Amino acid sequence: MQLLANRSSTGDLAIFGGTPAFGEPLHVGRPNIGERQRFLERMNDLLDRRWLTNQGPYVQEFERCIADRVGVRHCVATPNATVGLEIAIRALGLRGEVIVPSFTFIATAHVLQWLGITPVFCDVEPERLTLDPDAVEAQVGPRTTGILGVHLWGRPCDVERLSAIADCHHLRLLFDAAHAFGCSHNGQMVGSFGDAEVFSFHATKFCNAFEGGAIVTNDEDLARTLRLMHNFGFAGYDTVVGLGINGKMNEASAAMGLTSLESLDEFIAVNRRNYEQYRRELAGVRGLRVLPFSDSERQNYQYVAVDVDAVECGISRDDVAAVCWAENVLVRRYFFPGCHRMEPYRSSRPVREQVLPVTERAAEQMLTLPTGTAVGPSEVAAVCELLRFVVHRGPEISAALRKQAFDFQTFTNADAAPALAREGVLV
Ligand code: T4K
């Protein structure tokens, strides 16, 4: 790793021909790997058992562990959160229109559209970047059947106000809790809010099952429907009682999930250490603000997001990202440009004309930084040093990039980033 302190001029940056700060790409979402031996033992067990899927013993154990940790009565494990959301949406009987934030991963909107439901995009609150209850209230119409909130980057929605709005208008309330496993709201664990919540255990999540998801709920009837639906509607060996799909988690994923759960405290401690170091080392950098986590709640600290104010920094978020990528620091623009600016939504009216000011500002300014157990204090220090250098020389770097008619999108898509070219990620 090259010491950025040695950089004395803008020309030393990799984007202008200098040597990248990191020899290998530093990713935002390198998976956490727990006790490898325990995982391999479980893999041997399941192979010996010849029970690979269909509600095997590891899936059952995983479901019990998730339900216990979260403090809910029912957990249904799924192949990923996307399928989990689809099953939950069907089981809740949603149709017509559902209110959803635009500032989220595209899966949140796509699951609705995929099921023939219109996602009605709603703006978010400026601080926590979750559904703005006033905006939600204003969007409720005659075709609205539900609200799908997202606990973005582990920060829970305004659960109380959204519940009150849902009650008042007889709407179902579902939470996409893909980022919020292990987080609490007013001391209560995420997972027990609304009609149901859905977690993701994707490889990039701090607790991973390679791919995986889980629907959690306290509603007995809903849980029964979810169980039937995620197994083709089978209520016995040859009795099908309704429409269903294959939404089952397999045993290998559950084995990984159980192994991840055993190291959860360690993963959270590392995430917290990285987050606190980013906060400390970027404090006072004009125009850069690491989004804070509340000290009074339980957190997983899995996403370190920084707000880049282009006016104060003298350089845009996209230019900062480009400089980072050239240095092999693969920061991400989650969730640019917002779902309402992606297809198939942006071409359809009235979305085309819709303006969501807070969402659009966040989509232009937020940057997600590398963390997780693959990222240590020296890497965080080097990333912070890079960011301080870039902001310090913001206008100069920005002017140099403009001179080359440079933009981040073209840069990444044109395979110009050395890291991705080498890894074949962008081919
Ligand atoms: N709702 C919300 C709010 C979500 O954020 C997500 C998923 C979902 C629903 C749906 O959940 P799932 O159906 O996936 O369970 C990644 C993840 O694929 C996605 O799960 C996640 N959200 C989203 C925020 O991030 P990409 O397109 O950024 O993935 P990718 O391949 O670029 O990987 C991200 C980083 O991780 C890169 O730096 C590379 C690194 N990486 C990735 C993988 C897969 C590794 O180092 N190793 C790996 O195995 O979406």
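How do the residues of the shell around the ligand divide into nonpolar, polar and charged? The shell has 11 nonpolar, 11 polar and 4 charged residues. In that count, Ala, Val, Leu, Ile, Met, Phe, Trp, Tyr, Cys and Pro are nonpolar, Asp, Glu, Lys and Arg are charged, and the others, Gly among them, are polar.

A word on the model. This is a predicted model, in which local features need pLDDT of at least 70 and side-chain atom pairs count only at pLDDT 80 or more, while totals for chains, interfaces and linings use all residues. Residues are numbered from 1 along each chain as its sequence is written, and side-chain values use heavy atoms, with hydrogens and water left out.

Back to the ligand. Of the 26 residues around the ligand, T82, D176, H179, R332 and Y334 come nearest; a residue is near if one of its heavy atoms lies within 4 Å. An oxygen atom of the ligand is 2.5 Å from a side-chain N or O atom of Y334. For T82, the distance from a polar side-chain atom to a ligand oxygen is 2.6 Å, and for H202 it is 3.3 Å. The protein covers 77% of the 910 Å² of accessible area that the ligand has on its own, by the Shrake-Rupley method with a 1.4 Å probe.

Which parts of the chain build the shell? Domain 1 (4–26 + 264–423) and domain 2 (36–262) each give at least three residues; the bounds come from an automatic or database domain assignment. Helices α3 (81–91) and α4 (106–114) each supply at least two. Helices here are DSSP runs of H or I, at least four residues, and strands are runs of E, at least two, numbered from the N terminus.

Next, D318, which lies in helix α11 (residues 317–326). The side chain of D318 makes polar contacts with the side chains of R317, at 2.7 Å, and R333, at 3.0 Å. A polar contact is a pair of N or O atoms within 3.5 Å; within protein, one must be able to donate a hydrogen and the other to accept it, and residues adjacent in sequence count only if both atoms are side-chain atoms.

Last, the backbone. Most residues other than glycine have a negative phi, and most peptide bonds are trans. The bond from Y334 to F335 is cis, with omega near -5°, and so is the bond joining E343 and P344, with omega about 5°. F335 is in the loop between β13 (329–330) and α12 (357–365), and P344 lies in the loop between β13 and α12. N54, not a glycine, has a positive phi of about 60°.
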